[in-house]
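Q: Hi! Could you walk me through how the pieces of this one pack together?

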Amino acid sequence: MHPWASRLANIQPFHVMALLGRARAMEAAGRDIIHLEVGEPDFPTPAPVVAAGQAALARGDTFYTPSMGLPALREAIAGWYRVRFGVEVQPGQVVVTPGASGALLLALGLVADPGKRVLLADPGYPCNRHFLTVLGAAARMVPVDAASGFQLSAADIGRAWNADTVAALVATPSNPTGGVMSPAELAALAAAVRPRGHLLVDEIYQGLNFDAPPCTALAVEPDAIVLNSFSKFFGMTGWRIGWLVAPPSAEAELAKLAQNLYIAAPTVAQHAALAAFHPDTLAELELRRQEYARRRDFLLPALEAIGFVVPVRPQGAFYIYADVSRFTADSYRFCEELLAQEGVAITPGIDFGERDAARYVRFACTTGIPRLEEAVRRIARFVGRPG
Ligand SMILES: Cc1ncc(COP(=O)(O)O)c(C=O)c1O
(Lines give C-alpha, C1' and ligand atoms only; values in the text may rest on other atoms or scores of the structure.)
Protein backbone atom coordinates (compact mmCIF):
# COMPACT_ATOMS: atom_id res chain seq x y z
CA MET A 1 0.00 0.00 0.00
CA HIS A 2 1.35 3.45 -0.88
CA PRO A 3 1.62 5.82 2.09
CA TRP A 4 -1.13 8.29 2.93
CA ALA A 5 -0.37 12.00 3.00
CA SER A 6 2.26 12.86 5.61
CA ARG A 7 0.26 15.86 6.87
CA LEU A 8 -2.15 13.37 8.47
CA ALA A 9 0.47 12.71 11.13
CA ASN A 10 -0.29 16.22 12.43
CA ILE A 11 -4.02 15.67 12.71
CA GLN A 12 -5.20 14.25 16.01
CA PRO A 13 -8.42 12.32 16.57
CA PHE A 14 -10.78 13.40 19.35
CA HIS A 15 -9.49 11.48 22.35
CA VAL A 16 -12.97 11.49 23.79
CA MET A 17 -14.06 9.22 20.92
CA ALA A 18 -12.11 6.37 22.47
CA LEU A 19 -13.95 7.00 25.74
CA LEU A 20 -17.25 7.28 23.90
CA GLY A 21 -16.60 3.93 22.19
CA ARG A 22 -16.00 2.37 25.60
CA ALA A 23 -19.11 4.03 26.98
CA ARG A 24 -21.21 2.63 24.13
CA ALA A 25 -19.81 -0.85 24.70
CA MET A 26 -20.63 -0.57 28.41
CA GLU A 27 -24.16 0.55 27.53
CA ALA A 28 -24.56 -2.39 25.15
CA ALA A 29 -23.56 -4.61 28.07
CA GLY A 30 -26.34 -3.08 30.20
CA ARG A 31 -24.48 -0.36 32.17
CA ASP A 32 -26.22 2.96 32.76
CA ILE A 33 -23.93 5.67 31.39
CA ILE A 34 -24.44 9.39 32.01
CA HIS A 35 -23.18 11.32 29.01
CA LEU A 36 -21.58 14.61 29.97
CA GLU A 37 -19.06 14.46 27.15
CA VAL A 38 -21.37 15.23 24.24
CA GLY A 39 -21.03 18.73 22.81
CA GLU A 40 -24.44 18.86 21.22
CA PRO A 41 -27.88 19.93 22.45
CA ASP A 42 -30.05 17.12 23.81
CA PHE A 43 -33.17 18.88 22.50
CA PRO A 44 -34.55 17.94 19.10
CA THR A 45 -34.73 20.42 16.25
CA PRO A 46 -37.64 22.83 16.93
CA ALA A 47 -40.91 21.73 15.30
CA PRO A 48 -41.31 24.70 12.90
CA VAL A 49 -37.83 24.00 11.53
CA VAL A 50 -38.58 20.31 11.04
CA ALA A 51 -41.86 21.21 9.32
CA ALA A 52 -40.07 23.61 6.96
CA GLY A 53 -37.58 20.87 6.08
CA GLN A 54 -40.37 18.36 5.48
CA ALA A 55 -42.23 20.86 3.29
CA ALA A 56 -39.09 21.40 1.22
CA LEU A 57 -38.77 17.65 0.71
CA ALA A 58 -42.46 17.32 -0.17
CA ARG A 59 -42.10 20.13 -2.75
CA GLY A 60 -39.14 18.34 -4.27
CA ASP A 61 -36.66 21.05 -3.29
CA THR A 62 -33.76 18.66 -3.49
CA PHE A 63 -31.56 20.36 -6.07
CA TYR A 64 -28.39 22.38 -5.54
CA THR A 65 -28.88 25.93 -4.33
CA PRO A 66 -26.55 28.78 -5.34
CA SER A 67 -23.10 28.23 -3.78
CA MET A 68 -23.42 31.14 -1.39
CA GLY A 69 -26.82 29.88 -0.20
CA LEU A 70 -30.52 30.46 -0.81
CA PRO A 71 -31.00 34.22 -1.32
CA ALA A 72 -33.92 34.16 1.14
CA LEU A 73 -31.75 32.57 3.83
CA ARG A 74 -28.88 35.01 3.25
CA GLU A 75 -31.42 37.81 3.66
CA ALA A 76 -32.92 36.23 6.76
CA ILE A 77 -29.48 35.91 8.38
CA ALA A 78 -28.64 39.53 7.53
CA GLY A 79 -32.00 40.52 9.02
CA TRP A 80 -31.20 38.57 12.19
CA TYR A 81 -28.13 40.77 12.76
CA ARG A 82 -30.25 43.88 12.24
CA VAL A 83 -33.07 42.83 14.56
CA ARG A 84 -31.11 41.04 17.27
CA PHE A 85 -27.90 43.08 17.41
CA GLY A 86 -28.67 46.34 15.61
CA VAL A 87 -25.83 45.60 13.20
CA GLU A 88 -26.10 46.24 9.44
CA VAL A 89 -24.99 43.25 7.41
CA GLN A 90 -25.71 43.05 3.67
CA PRO A 91 -27.05 39.71 2.39
CA GLY A 92 -24.08 39.66 -0.01
CA GLN A 93 -21.75 39.40 2.99
CA VAL A 94 -23.44 36.19 4.20
CA VAL A 95 -22.34 32.76 3.00
CA VAL A 96 -24.47 29.76 3.99
CA THR A 97 -22.16 26.85 4.80
CA PRO A 98 -22.25 23.20 5.88
CA GLY A 99 -22.12 23.99 9.60
CA ALA A 100 -19.64 26.24 11.33
CA SER A 101 -17.16 23.59 10.18
CA GLY A 102 -17.72 24.63 6.57
CA ALA A 103 -17.53 28.28 7.60
CA LEU A 104 -14.22 27.72 9.41
CA LEU A 105 -12.78 26.01 6.35
CA LEU A 106 -13.86 28.92 4.13
CA ALA A 107 -12.65 31.57 6.56
CA LEU A 108 -9.26 29.96 7.06
CA GLY A 109 -8.96 29.26 3.33
CA LEU A 110 -9.71 32.95 2.73
CA VAL A 111 -6.89 34.25 4.94
CA ALA A 112 -4.18 31.58 5.28
CA ASP A 113 -1.67 30.83 2.54
CA PRO A 114 0.60 27.78 2.88
CA GLY A 115 3.26 28.46 5.49
CA LYS A 116 1.25 31.22 7.16
CA ARG A 117 0.05 31.09 10.74
CA VAL A 118 -3.14 31.84 12.58
CA LEU A 119 -3.14 32.57 16.33
CA LEU A 120 -5.41 30.27 18.33
CA ALA A 121 -6.03 30.04 22.06
CA ASP A 122 -4.81 26.89 23.82
CA PRO A 123 -7.15 25.48 25.15
CA GLY A 124 -9.61 25.88 22.31
CA TYR A 125 -11.72 24.07 19.72
CA PRO A 126 -9.36 21.40 18.36
CA CYS A 127 -10.47 21.26 14.72
CA ASN A 128 -9.19 24.76 13.94
CA ARG A 129 -5.54 23.82 13.94
CA HIS A 130 -6.30 20.75 11.84
CA PHE A 131 -8.16 22.80 9.24
CA LEU A 132 -5.01 24.89 8.98
CA THR A 133 -2.88 21.76 8.55
CA VAL A 134 -5.10 20.60 5.69
CA LEU A 135 -4.63 24.01 4.05
CA GLY A 136 -0.83 23.73 4.38
CA ALA A 137 -0.87 26.61 6.85
CA ALA A 138 -0.37 26.22 10.61
CA ALA A 139 -1.70 27.30 13.96
CA ARG A 140 0.32 29.23 16.45
CA MET A 141 -1.10 27.99 19.72
CA VAL A 142 -1.07 30.73 22.33
CA PRO A 143 -1.30 29.42 25.90
CA VAL A 144 -4.10 31.20 27.74
CA ASP A 145 -5.23 30.88 31.32
CA ALA A 146 -7.91 32.01 33.71
CA ALA A 147 -6.43 35.51 33.98
CA SER A 148 -7.66 36.30 30.45
CA GLY A 149 -10.77 34.12 30.77
CA PHE A 150 -8.94 31.53 28.64
CA GLN A 151 -9.24 33.91 25.67
CA LEU A 152 -6.68 35.63 23.45
CA SER A 153 -6.08 39.15 24.71
CA ALA A 154 -4.72 42.26 23.03
CA ALA A 155 -1.46 41.64 24.90
CA ASP A 156 -1.25 38.11 23.45
CA ILE A 157 -1.59 39.58 19.97
CA GLY A 158 1.30 41.94 20.61
CA ARG A 159 3.48 39.12 21.94
CA ALA A 160 2.64 36.28 19.57
CA TRP A 161 2.11 37.97 16.19
CA ASN A 162 5.12 37.71 13.89
CA ALA A 163 5.94 38.06 10.19
CA ASP A 164 4.22 34.77 9.29
CA THR A 165 1.00 35.54 11.16
CA VAL A 166 -2.04 36.51 9.08
CA ALA A 167 -4.97 36.23 11.48
CA ALA A 168 -6.23 35.49 14.99
CA LEU A 169 -9.25 33.28 15.64
CA VAL A 170 -11.27 33.35 18.87
CA ALA A 171 -14.54 31.71 19.93
CA THR A 172 -17.03 33.43 22.22
CA PRO A 173 -18.84 31.87 24.04
CA SER A 174 -15.96 29.43 24.07
CA ASN A 175 -15.56 25.70 23.82
CA PRO A 176 -14.30 24.22 26.20
CA THR A 177 -14.69 26.92 28.89
CA GLY A 178 -18.05 28.61 28.23
CA GLY A 179 -16.18 31.89 28.70
CA VAL A 180 -17.69 34.95 27.02
CA MET A 181 -15.74 37.99 25.84
CA SER A 182 -17.36 41.32 26.67
CA PRO A 183 -17.82 43.91 23.90
CA ALA A 184 -14.96 45.88 25.50
CA GLU A 185 -12.64 42.85 25.40
CA LEU A 186 -13.61 42.17 21.80
CA ALA A 187 -12.99 45.81 20.90
CA ALA A 188 -9.54 45.74 22.51
CA LEU A 189 -8.69 42.52 20.69
CA ALA A 190 -9.97 43.94 17.40
CA ALA A 191 -7.90 47.09 17.86
CA ALA A 192 -4.77 44.98 18.39
CA VAL A 193 -5.45 42.76 15.36
CA ARG A 194 -6.67 45.48 12.92
CA PRO A 195 -3.26 46.95 11.93
CA ARG A 196 -1.73 43.49 11.65
CA GLY A 197 -4.20 41.18 9.88
CA HIS A 198 -7.60 39.52 10.07
CA LEU A 199 -9.81 38.85 13.09
CA LEU A 200 -11.92 35.68 12.87
CA VAL A 201 -14.60 35.17 15.49
CA ASP A 202 -16.44 31.89 16.00
CA GLU A 203 -19.87 32.78 17.42
CA ILE A 204 -21.35 29.27 17.18
CA TYR A 205 -22.58 29.35 20.81
CA GLN A 206 -24.11 32.80 20.39
CA GLY A 207 -27.59 32.85 21.93
CA LEU A 208 -26.58 30.41 24.65
CA ASN A 209 -25.63 33.32 26.90
CA PHE A 210 -26.65 33.30 30.55
CA ASP A 211 -25.39 36.41 32.32
CA ALA A 212 -25.58 39.13 29.66
CA PRO A 213 -27.36 39.46 26.31
CA PRO A 214 -25.46 37.93 23.40
CA CYS A 215 -23.31 40.23 21.30
CA THR A 216 -21.53 39.93 17.98
CA ALA A 217 -18.00 40.97 17.13
CA LEU A 218 -19.47 42.76 14.09
CA ALA A 219 -20.82 45.41 16.46
CA VAL A 220 -17.27 46.43 17.40
CA GLU A 221 -15.35 45.35 14.27
CA PRO A 222 -17.37 45.51 11.04
CA ASP A 223 -14.42 44.01 9.14
CA ALA A 224 -14.27 40.91 11.34
CA ILE A 225 -14.89 37.56 9.68
CA VAL A 226 -17.62 36.03 11.82
CA LEU A 227 -18.82 32.47 11.63
CA ASN A 228 -21.84 30.92 13.17
CA SER A 229 -24.08 27.89 12.91
CA PHE A 230 -27.58 26.58 13.27
CA SER A 231 -26.10 23.62 15.20
CA LYS A 232 -26.12 24.67 18.84
CA PHE A 233 -28.53 27.49 19.78
CA PHE A 234 -30.94 26.47 17.00
CA GLY A 235 -30.64 22.72 17.73
CA MET A 236 -29.73 21.57 14.21
CA THR A 237 -26.41 19.72 14.57
CA GLY A 238 -27.26 16.90 12.17
CA TRP A 239 -28.63 19.16 9.43
CA ARG A 240 -25.13 20.48 8.81
CA ILE A 241 -25.84 24.13 8.28
CA GLY A 242 -24.14 27.34 9.39
CA TRP A 243 -22.93 30.62 7.98
CA LEU A 244 -20.12 33.09 7.57
CA VAL A 245 -20.20 36.90 7.46
CA ALA A 246 -17.25 38.53 5.71
CA PRO A 247 -16.42 41.99 4.36
CA PRO A 248 -17.96 42.69 0.90
CA SER A 249 -14.51 42.54 -0.73
CA ALA A 250 -14.32 38.81 0.11
CA GLU A 251 -17.55 37.80 -1.63
CA ALA A 252 -16.10 36.70 -4.98
CA GLU A 253 -13.23 34.82 -3.30
CA LEU A 254 -15.58 33.03 -0.94
CA ALA A 255 -17.85 32.09 -3.84
CA LYS A 256 -14.90 30.38 -5.56
CA LEU A 257 -13.99 28.48 -2.41
CA ALA A 258 -17.58 27.40 -1.70
CA GLN A 259 -18.16 26.26 -5.30
CA ASN A 260 -15.02 24.17 -5.33
CA LEU A 261 -15.05 22.77 -1.81
CA TYR A 262 -18.67 21.62 -1.48
CA ILE A 263 -20.81 23.29 -4.25
CA ALA A 264 -23.49 24.42 -1.76
CA ALA A 265 -24.80 23.73 1.75
CA PRO A 266 -27.53 21.04 2.01
CA THR A 267 -30.68 22.28 0.28
CA VAL A 268 -33.27 20.79 2.64
CA ALA A 269 -31.37 22.13 5.64
CA GLN A 270 -31.34 25.61 4.11
CA HIS A 271 -35.10 25.58 3.66
CA ALA A 272 -35.52 24.28 7.20
CA ALA A 273 -33.26 27.01 8.57
CA LEU A 274 -35.56 29.65 7.11
CA ALA A 275 -37.93 28.75 9.96
CA ALA A 276 -35.20 29.14 12.60
CA PHE A 277 -35.94 32.85 13.02
CA HIS A 278 -39.72 32.32 13.26
CA PRO A 279 -41.18 33.73 16.52
CA ASP A 280 -42.47 30.27 17.56
CA THR A 281 -39.00 28.81 17.12
CA LEU A 282 -37.36 31.66 19.01
CA ALA A 283 -39.83 31.28 21.88
CA GLU A 284 -38.96 27.59 22.16
CA LEU A 285 -35.23 28.37 22.00
CA GLU A 286 -35.57 30.89 24.81
CA LEU A 287 -37.03 28.16 27.03
CA ARG A 288 -34.11 25.92 26.18
CA ARG A 289 -31.62 28.69 26.94
CA GLN A 290 -33.21 29.08 30.36
CA GLU A 291 -32.94 25.33 30.91
CA TYR A 292 -29.21 25.38 30.05
CA ALA A 293 -28.77 28.24 32.53
CA ARG A 294 -30.55 26.19 35.22
CA ARG A 295 -28.27 23.25 34.50
CA ARG A 296 -25.17 25.40 34.83
CA ASP A 297 -26.55 26.91 38.03
CA PHE A 298 -27.00 23.40 39.40
CA LEU A 299 -23.85 21.66 38.16
CA LEU A 300 -21.28 24.41 38.73
CA PRO A 301 -21.75 24.79 42.52
CA ALA A 302 -22.33 21.05 42.89
CA LEU A 303 -18.95 20.30 41.32
CA GLU A 304 -17.25 23.02 43.34
CA ALA A 305 -18.76 21.59 46.53
CA ILE A 306 -17.03 18.26 45.93
CA GLY A 307 -13.65 19.78 45.19
CA PHE A 308 -13.54 20.70 41.51
CA VAL A 309 -12.04 24.09 40.76
CA VAL A 310 -13.64 26.06 37.95
CA PRO A 311 -11.38 29.06 37.35
CA VAL A 312 -13.66 30.76 34.83
CA ARG A 313 -17.38 30.88 35.48
CA PRO A 314 -19.05 29.73 32.27
CA GLN A 315 -21.33 32.47 31.01
CA GLY A 316 -22.42 30.77 27.85
CA ALA A 317 -22.41 27.58 25.74
CA PHE A 318 -23.11 24.48 27.84
CA TYR A 319 -19.68 23.61 29.18
CA ILE A 320 -17.85 23.67 32.49
CA TYR A 321 -14.05 23.47 32.31
CA ALA A 322 -12.82 22.15 35.62
CA ASP A 323 -9.39 21.76 37.19
CA VAL A 324 -8.97 18.23 38.58
CA SER A 325 -5.36 18.56 39.72
CA ARG A 326 -6.52 18.13 43.30
CA PHE A 327 -7.55 14.57 42.39
CA THR A 328 -5.06 13.51 39.73
CA ALA A 329 -1.97 14.43 37.74
CA ASP A 330 -3.53 12.87 34.61
CA SER A 331 -6.98 14.10 33.62
CA TYR A 332 -7.27 11.55 30.79
CA ARG A 333 -6.89 8.70 33.27
CA PHE A 334 -9.32 10.47 35.57
CA CYS A 335 -11.89 10.39 32.72
CA GLU A 336 -11.17 6.73 31.97
CA GLU A 337 -11.54 5.69 35.59
CA LEU A 338 -14.62 7.80 36.19
CA LEU A 339 -16.23 6.09 33.21
CA ALA A 340 -15.13 2.59 34.23
CA GLN A 341 -16.07 2.91 37.90
CA GLU A 342 -19.11 5.16 37.87
CA GLY A 343 -20.36 5.21 34.28
CA VAL A 344 -20.01 8.98 33.89
CA ALA A 345 -18.47 10.13 30.59
CA ILE A 346 -16.65 13.49 30.44
CA THR A 347 -14.03 14.94 28.08
CA PRO A 348 -10.33 15.15 28.99
CA GLY A 349 -8.45 18.44 28.60
CA ILE A 350 -6.09 16.87 26.06
CA ASP A 351 -8.82 17.25 23.42
CA PHE A 352 -8.53 21.05 23.60
CA GLY A 353 -4.78 21.59 23.40
CA GLU A 354 -1.64 21.15 25.43
CA ARG A 355 -1.71 23.98 27.91
CA ASP A 356 -2.35 22.38 31.32
CA ALA A 357 -4.35 19.70 29.47
CA ALA A 358 -3.63 17.07 32.13
CA ARG A 359 -5.18 19.34 34.78
CA TYR A 360 -8.54 19.89 33.13
CA VAL A 361 -11.72 18.10 32.11
CA ARG A 362 -14.82 19.41 30.36
CA PHE A 363 -18.37 18.72 31.49
CA ALA A 364 -21.18 19.28 28.97
CA CYS A 365 -24.56 20.13 30.52
CA THR A 366 -26.34 18.38 27.68
CA THR A 367 -28.60 16.25 29.82
CA GLY A 368 -31.42 17.16 32.21
CA ILE A 369 -31.06 18.08 35.88
CA PRO A 370 -32.19 14.69 37.29
CA ARG A 371 -29.36 13.02 35.37
CA LEU A 372 -26.94 15.75 36.43
CA GLU A 373 -27.93 15.09 40.06
CA GLU A 374 -27.22 11.42 39.63
CA ALA A 375 -23.91 12.27 37.92
CA VAL A 376 -22.88 14.44 40.87
CA ARG A 377 -23.71 11.59 43.32
CA ARG A 378 -21.51 9.24 41.32
CA ILE A 379 -18.68 11.73 40.85
CA ALA A 380 -18.70 12.56 44.57
CA ARG A 381 -18.37 8.85 45.34
CA PHE A 382 -15.55 8.60 42.80
CA VAL A 383 -13.53 11.45 44.29
CA GLY A 384 -14.21 10.17 47.77
CA ARG A 385 -16.47 12.91 49.03
CA PRO A 386 -20.02 11.61 49.05
CA GLY A 387 -22.39 14.58 49.28
C1 LIG B 1 -16.28 26.21 18.87
C2 LIG B 1 -16.89 25.36 17.79
N3 LIG B 1 -16.80 25.78 16.52
C4 LIG B 1 -17.31 25.04 15.52
C5 LIG B 1 -17.95 23.82 15.75
C6 LIG B 1 -18.50 23.06 14.58
O7 LIG B 1 -19.90 23.02 14.60
P8 LIG B 1 -20.86 22.71 13.38
O9 LIG B 1 -20.03 22.36 12.21
O10 LIG B 1 -21.77 21.62 13.83
O11 LIG B 1 -21.65 23.97 13.14
C12 LIG B 1 -18.07 23.36 17.07
C13 LIG B 1 -18.71 22.06 17.37
O14 LIG B 1 -18.71 21.57 18.47
C15 LIG B 1 -17.52 24.16 18.12
O16 LIG B 1 -17.59 23.76 19.42
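A: Happy to. Gly 102, Leu 105, Leu 106, Gly 109 and Leu 110 of H4 meet Glu 253, Leu 254, Leu 257, Ala 258, Leu 261 and Tyr 262 of H8. "Meet" here is a contact, with C-beta atoms placed from the backbone and lying within 7 Å. By class, that contact has eight nonpolar, two polar and one charged residue. Ala, Val, Leu, Ile, Met, Phe, Trp, Tyr, Cys and Pro count as nonpolar, Asp, Glu, Lys and Arg as charged, and the others, Gly among them, as polar.

Q: What kind of model is this, and how are residues numbered?
A: This is a predicted model: local features need pLDDT of at least 70, side-chain atom pairs count only at pLDDT 80 or more, and totals for chains, interfaces and linings use all residues. Residues are numbered from 1 along each chain as its sequence is written.

Q: And what do the H and E labels stand for?
A: They are DSSP runs numbered from the N terminus: helices (H or I, at least four residues) and strands (E, at least two).

Q: Back to H4 and H8, at what angle do they pack?
A: Helix H4 (residues 99-111) and helix H8 (residues 251-262) pack at about 130°, and their axes are 10 Å apart. The axes are lines fitted to C-alpha atoms, for helices over the stretch in contact, with angles from 0 to 180 degrees between N-to-C directions. H4 and H8 are therefore oblique to each other. On the wording, angles under 35 degrees count as roughly parallel, over 145 as roughly antiparallel, 65 to 115 as roughly perpendicular and the rest as oblique.

Q: Is that crossing left-handed or right-handed?
A: H4 passes H8 in a right-handed crossing. A crossing is right-handed if the near helix is turned clockwise from the far one by less than a right angle, and left-handed if anticlockwise.

Q: How does H4 pack with H5?
A: H4 and helix H5 (residues 127-134) have axes 10 Å apart at an angle of about 50°. That makes H4 oblique to H5, and H4 passes H5 in a right-handed crossing. From H4, Ser 101, Leu 104, Leu 105 and Leu 108 meet Cys 127, Asn 128, Phe 131 and Leu 132 in H5. This contact divides into six nonpolar, two polar and no charged residues.

Q: Nice. What about H10 and H12?
A: Helix H10 (residues 279-305) and helix H12 (residues 369-382) cross at roughly 10°, their axes coming within 10 Å. That makes H10 roughly parallel to H12. The contact brings Arg 294, Arg 295, Phe 298, Leu 299 and Ala 302 in H10 to Ile 369, Leu 372 and Val 376 in H12.

Q: Switching to strands, which ones join E8?
A: Strand E2 (residues 94-97) is joined to E8 by four bridges and runs antiparallel to it. Strand E7 (residues 225-229) is also joined to E8 by four bridges, again antiparallel. Two strands pair if DSSP finds at least two bridges between them. Thr 97 has Gly 242 in E8 as its bridge partner, while Val 226 stands opposite Val 245 in E8.

Q: Which way do the residues of E8 point?
A: In strand E8 (residues 242-245), Gly 242 and Leu 244 point one way and Trp 243 and Val 245 the other way, and all are buried. Buried is 20 or more other C-beta atoms within 10 Å of a residue's own, exposed is 12 or fewer, and partly exposed is in between.

Q: What's the order of the open sheet?
A: It has three strands in the order E9-E12-E11, with antiparallel pairing. Strand E9 (319-323) and strand E11 (347-348) stand at the edges with a single partner strand each, so one side of each lacks a neighbour in the sheet. Helix H11 (residues 331-342) lies across E11 and E12, at about 45° to E12.

Q: Last one: where are the cis peptide bonds?
A: One runs from Thr 172 to Pro 173, with omega near -10°, and another joins Asn 175 and Pro 176, with omega about 20°. Pro 173 lies in the loop between strand E5 (165-171) and helix H7 (183-193), and Pro 176 is found in the loop between E5 and H7 too.

Notes: Two residues are in contact if their C-beta atoms, placed from the backbone, lie within 7 Å.
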